[in-house]
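Hello,

Here is the structure we talked about handing over. My notes on its aromatic rings follow below.

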Amino acid sequence: MPKNRCSLVRLPRIALLLTTFTLAFCALTANAFAASGASKPRKVTHASHKSKATKKAHESGVLPAQGMFDNCDLSNGVTTTCDQDLLQMHQAGLQVAVMDAQWATLDELSAYASYAQSIGMSVMWEFNDPGYWGGAWIGSSAAADWSAFSTACGCTASDQVLDYMIQWLSALPGTYGYYAADDSTLEPNQLAGLRQYVAEIKSVDPDHMVMVGSAQGQGTSFYSSGATIGNEIYPETTRSLMPAGQNLAIWQSVQQSITQDQRAATRQGTSSAFILQAFSFGDNLSDGQAVGACTASMSQAQCASRLQFPSAGVELALRNAALQYAQPKLILWYTYGQASQGGHWADFTSAVTAPYPVSASAARAKRNLRKSSRKHSARRRNSSGHQLAI
């Protein structure tokens, strides 16, 4: 989940404990090491068409777009530093940066978007203000929380502020879409409000992705919201996760989550998306306590020293799992701040730029063979039925 300057606390993820593992993932892991203006809301048929196009791209062995959350603070007037982040992401093979749109001026947002486009990057704008879907506002209201936009449009009503914000951001060069809500701020009873919120965004801008982040523990709760669900795959442990044979339960859980998420997306006629781990296994004290590595009396720094950062092999295995068991349109990594420190960037880059995995290609070929067999069987049945009718 993205860090947010509204002081929201990241929900602890409890370490995943299951007991079996499939041979398919063993093949995957082996390959990882070897590779070291307003309009109506988009119709489901339109989303289904995009989903089919995404699936076709993966069936051709084409990597999906990949991006990263950037915690750079545009409101501090450090556009140059944020531009450097963008450049480093681009050089690492990423195409999308997720940027908080709340605290910066419109000029700062525009400058950031322009620079992103100039180097071949796109921007997914992060909102994540619960007031929009029935929760508590970060501050006091939409107008107060998004003052740059409410001032520019001269409006105070929540829907007016939201509509103006989407209209303005959609017109910026390089806009990829909107990270509209995060699992840390979503409650199960807010689904109806989330649907209305997503529909409002799409009614103003039907052409860009609307994403909602979801933790594994939330299952498929928010798929009917109409958004593309960005599923977090964050195995948290004090172990390295490699070799896979000694961490069967966690990798089996990863496979099951990805498979479940793809099925849910397919049922809703939307593309799947995943948020993968480019930070230490537990990035705060609560996470450290959840996996038994830290105590409440420790400082954040003390806890962090006990938690492991994913290796290049683990990051690649996570990416390849998403490609083998799903057809994601977008893969995001969390987060730039940690991945760019402590010598981790080279490992991360190698995982991002690795070629399409052989294991996923084999799985793709198997799916195509099954599909071809079903079509052939259907033709035979139709032919047989026609002869009987005669």
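Is Phe348 buried or exposed? Phe348 has 0% relative accessibility, so it counts as buried. Buried means under 20% relative accessible area, exposed over 50%, and partly exposed in between (1.4 Å probe, protein chains only).

Some ground rules. This is a predicted model: local features need pLDDT of at least 70, side-chain atom pairs count only at pLDDT 80 or more, and totals for chains, interfaces and linings use all residues. Residues are numbered from 1 along each chain as its sequence is written, and side-chain values use heavy atoms, with hydrogens and water left out.

The structure holds 15 aromatic pairs. Rings of Phe, Tyr and Trp (its six-membered ring) pair if their centres lie within 6.5 Å; planes under 30 degrees apart count as stacked, over 60 as edge-to-face and the rest as tilted.

Phe127 lies in the loop between strand 3 (122-126) and helix 5 (142-145), and Trp146 in the loop between helix 5 and helix 6 (147-153), so the pair ties together parts that are 19 residues apart in sequence. Helices (H or I, at least four residues) and strands (E, at least two) are DSSP runs, numbered from the N terminus. Phe127 is buried at 0% relative accessibility. Trp146 is buried too, at 0%.

Phe348 pairs with Trp345: centres 5.0 Å apart, planes at 40°, so tilted. Both lie in helix 14 (residues 345-353), three residues apart, about one turn of the helix. Trp345 is buried, at 12%.

Finally, ring pairs link Phe69, Tyr179, Tyr234, Phe279 and Tyr334 into a cluster.

Best wishes
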